Amino acid sequence: MPYTVPKLTDYSAPALEKAANECISACTAESAQVRTDADLKSFRDRWMARKQGILTQINDRWLKDAPKEAKREAGIQVNALKARITELVEAAHASGAPALDNECLDISLPGVRRPIGAEHPVVKTSNEIVSVFGKLGYSVAEGPVVETDYYNFEALNFPPDHPARDTQDTLFIAGQQSTPARDRLLLRTHTSPVQIRTMEKMRPPVRIVIPGKVHRNDPPDASHSPMFHQIEGLAVDTSITFGDLKGTLDHAMKALFGSSVRTHFRPSFFPFTEPSAELYVTCFICGGKGKRGYDPCRPCKQSGWIEVLGCGMVDPNVFEFVKDNGYDPKKVSGFAFGMGVDRLALLKYGVDDIQLFFQGDVRFFEQFG
Ligand SMILES: [Zn+2]
């Protein structure tokens with residue numbers, strides 16, 4: 001006989017408890033009988049359906065019909081019972097016993113194909129650049145993404161009132177008002193702090209490239225991202241000249257973009273280099289013509305030249321911060337350069353929105369696999 005909800009005449013606690021226990025054992029027994037998904041559905045409906053389900057009937061017969069003085073006790077018992085029944089129903093699952101008969105194993109079927117991942121275009125570009133300098137004898141240096149004001153600005157010759165130190169441009173860690181300015185933590189705005197950190201640890205000569213993530217307080221749009229990637233390079237030795245800088249970068253650009261590219265330096269300003277320059281290469285998309293067929297070349301804005309990096313001779317003031325480790329500005333000289341990897345990847349792959357690199361859409365990334 002399937003379980004039906006009895007009408008109660010005795011509302012004493014022991015009687016309620018007995019009725020509740022009967023109900024629970026009926027539910028437990030029925031849940032053990034569930035085999036298929038259809039069984040499961042009718043089992044759930046029978047107990048939980050809002051209109052005629054057993055829980056609804058219990059509510060009506062045991063609670064609503066209870067005499068006034070027994071309502072409180074009945075309420076407690078019914079609520080506990082409802083919770084237990086709900087647990088039992090939710091735990092019930094199709095055991096699948098009959099379905100097993102239809103299952104068999106075909107060992108000749110091919111295995112599950114797992115798609116092979118590919119390098120992210122930004123990582124790939126970064127690795128290519130690192131490898132070009134690796135062949136020139138540069139080693140890779142890395143440093144923390146959360147930096148102090150000292151390493152990010154002060155030791156790189158940024159004056160105290162430099163606009164880059166403003167929260168409009170730099171993301172500072174909150175709640176540091178009482179910390180001395182030079183110890184305040186921030187998300188590094190360039191990979192340059194690693195230059196100082198390396199020179200503190202290594203005596204000259206130094207030849208390093210520094211790939212890594214950097215942050216600026218920029219709202220995301222097609223050409224900006226609050227997080228992006230840089231590669232910087234630093235070479236320090238006795239008698240390094242601007243000629244070494246030009247020769248090294250000219251070689252690197254030819255290795256990266258093809259032996260036909262030409263390079264061109266224009267004067268610029270950075271606090272940590274003097275003199276400073278921007279390096280342009282002939283547009284590797286239109287070959288320096290400024291046009292693609294009859295169409296204007298957008299990446300180089302029809303100029304035939306693309307700015308790829310900033311560079312310069314290390315400012316003697318920067319060496320002053322690491323003078324005690326063998327970097328006497330009177331004895332050593334060096335050059336530094338830095339480039340935005342994401343921007344180069346955008347140009348190289350003809351992508352017109354930097355956000356695509358960070359949104360994780362597999363359909364976009366499959367193109368690079
Ligand atoms: Zn062009």
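Predicted model: local features only at pLDDT ≥ 70, side-chain atom pairs only at ≥ 80, totals over all residues.
Local features need pLDDT of at least 70 and side-chain atom pairs count only at pLDDT 80 or more, while totals for chains, interfaces and linings use all residues. Residues are numbered from 1 along each chain as its sequence is written, and side-chain values use heavy atoms, with hydrogens and water left out.

The zinc ion is held by the SG atoms of Cys 283, Cys 286, Cys 297 and Cys 300, at 2.2 to 2.3 Å (donors are N, O and S atoms within 2.8 Å of the metal, or 3.2 Å for Na, K and Ca). Angles among the four donor atoms run from 99 to 116°, making the site tetrahedral (for four donors, all angles between 85 and 135 degrees). Along the sequence, the donor residues follow the spacing C-x2-C-x10-C-x2-C. Cys 286 sits in the loop between β7 and β8 and Cys 300 in the loop between β9 and β10, so this pair ties together parts 14 residues apart in sequence. Cys 286 is buried, at 5% relative accessible area, and Cys 300 is buried too, at 3% (buried is under 20%, exposed over 50%, partly exposed in between, with a 1.4 Å probe and protein chains only).

Turning to charges, the whole structure has 13 salt bridges (a side-chain nitrogen of Lys or Arg within 4 Å of a carboxyl oxygen of Asp or Glu). One of them joins Glu 147 and Arg 197 at 2.6 Å, N to O. Glu 147 belongs to strand β2 and Arg 197 to helix α7, so the pair ties together parts 50 residues apart in sequence (helices, H or I, at least four residues, and strands, E, at least two, are DSSP runs numbered from the N terminus). Glu 147 is buried at 1%, whereas Arg 197 is partly exposed at 23%.

Definitions and conventions:
Tetrahedral: all angles 85-135°; square planar, octahedral: opposite > 155°, others 65-115°.
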